[in-house]
Amino acid sequence: LPSLGERVLYHVGFLGFVLIIARLGDDVMAANQALISVESICFLSADGFGIAAAALVAQKLGARRPDEARRCALIATRYAVVLLTALGVVFLVARNAVLPLFSSDARIVALGATAVPILALAQPFMAAAIVLAQAVRGGGFTRAVLGVSAAGALVVRLSCTYALALSLGLGLRGVWLGSTCDWVVRSALLVVVGTVIARR
């Protein structure tokens, strides 16, 4: 039930996020979609590490080896952070070559390019948040992940995106700063959750 609730909250939060972006106009919506297509490469890579972490944590805890479970979670997180940071740097350096693969409109590409530095900055935090959440789920602490996801998706992401993109007028960059704030908070909270669990 907590895992189901987490998915429901994620989609409710994402719907609110999209509604905020829609208020910025069609060009911002299209540029954001191009950026999401680029970032999906990173997201899916992190998710792969997360699935491996969840399986290994569950396996090690089932064998009553909590130290090995913690080590598996840390290794998976470290690898994901390194990979996504590297991908973020590649996308940043090659943004004028990558974005045209997802949009043929020069205005959309130019607009999207302004937010790529923020996309790159978000990658290590997104990697840590995704993998740690899966590892904690693998340990059976689904309620903790639900709480973190609710705080990130419904409170931090929506409030920061609204404030930065609309209230402060940062547009697409505000959208990506808002989502980055979400990943930073989630990764920090999950580190705290993981530390508390490890001390039990």
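How are α2 and α5 oriented to each other, roughly parallel or roughly perpendicular? The legends below take up this pair and several other close-up views of a predicted model.

**Figure 1. Helix α2 packs against helix α5.** The two helices pack at an angle of about 65°. Their axes lie 9 Å apart. Angles of 65 to 115 degrees count as roughly perpendicular, and α2 and α5 are therefore roughly perpendicular to each other. The crossing of α2 past α5 is right-handed. From α2, the contact uses Asp27, Val28, Ala30, Ala31 and Leu35. From α5, it uses Arg107, Ile108, Leu111 and Gly112. Sorted by class, the contact of α2 with α5 holds 6 nonpolar, 1 polar and 2 charged residues.

**Figure 2. Helix α2 also meets helix α6.** Here α2 spans residues 26-62 and α6 spans residues 116-138. Their axes come within 7 Å. They cross at roughly 25°. Angles under 35 degrees count as roughly parallel, so α2 and α6 fall into that class. Again the crossing is described by its hand: α2 passes α6 in a right-handed way. By class, 17 nonpolar, 4 polar and 2 charged residues make up the contact of α2 with α6.

**Figure 3. Helix α3 packs against helix α6.** The packing angle is about 165°. The axes are 8 Å apart. An angle over 145 degrees counts as roughly antiparallel, which means that α3 is roughly antiparallel to α6. The crossing of α3 past α6 is right-handed. On the α3 side, the residues include Ala73, Ala76, Thr77, Leu84, Gly88 and Phe91. On the α6 side, they include Val116, Pro117, Gln123, Met126, Val131 and Ala135. In the contact of α3 with α6, 18 residues are nonpolar and 4 are polar. None is charged.

**Figure 4. The largest nonpolar core has 46 residues.** Six of its residues touch the most other members: Leu35, Phe91, Leu99, Leu172, Trp176 and Leu190. The largest share comes from α6, with 13 residues.

**Figure 5. A closer look at Leu190 of the core.** Which residues does Leu190 touch, not counting residues up to four places away in sequence? Its partners are Ala129, Leu132, Ala133, Val136 and Val148. Leu190 is also among the residues that touch the most other core members.

**Figure 6. Arg64 sits in the loop between α2 and α3.** Its phi is positive, about 60°, although Arg64 is not a glycine. Most residues other than glycine have a negative phi. Is Arg64 buried or exposed? Its relative accessibility is 74%. Exposed means over 50%, so Arg64 counts as exposed.

**Figure 7. Glu68 belongs to helix α3.** Its relative accessibility is 34%. How many residues separate Glu68 and Ser37 in sequence? They are 31 residues apart. In space, their C-alpha atoms are 35 Å apart.

Definitions and conventions:
Residues are numbered from 1 along each chain as its sequence is written. This is a predicted model: local features need pLDDT of at least 70, side-chain atom pairs count only at pLDDT 80 or more; totals for chains, interfaces and linings use all residues. Side-chain values use heavy atoms; hydrogens and water are left out. Axes are lines fitted to C-alpha atoms, for helices over the stretch in contact, and angles run from 0 to 180 degrees between N-to-C directions. Helices (H or I, at least four residues) and strands (E, at least two) are DSSP runs, numbered from the N terminus. A crossing is left-handed if the near helix is turned anticlockwise from the far one by less than a right angle, and right-handed if clockwise. Ala, Val, Leu, Ile, Met, Phe, Trp, Tyr, Cys and Pro count as nonpolar, Asp, Glu, Lys and Arg as charged, and the others, Gly among them, as polar. A nonpolar core is a set of buried Ala, Val, Leu, Ile, Met, Phe, Trp, Tyr and Cys residues joined through side-chain atoms within 4.5 Å. Buried means under 20% relative accessible area, exposed over 50%, partly exposed in between (1.4 Å probe, protein chains only). Contact means heavy atoms within 4.5 Å.
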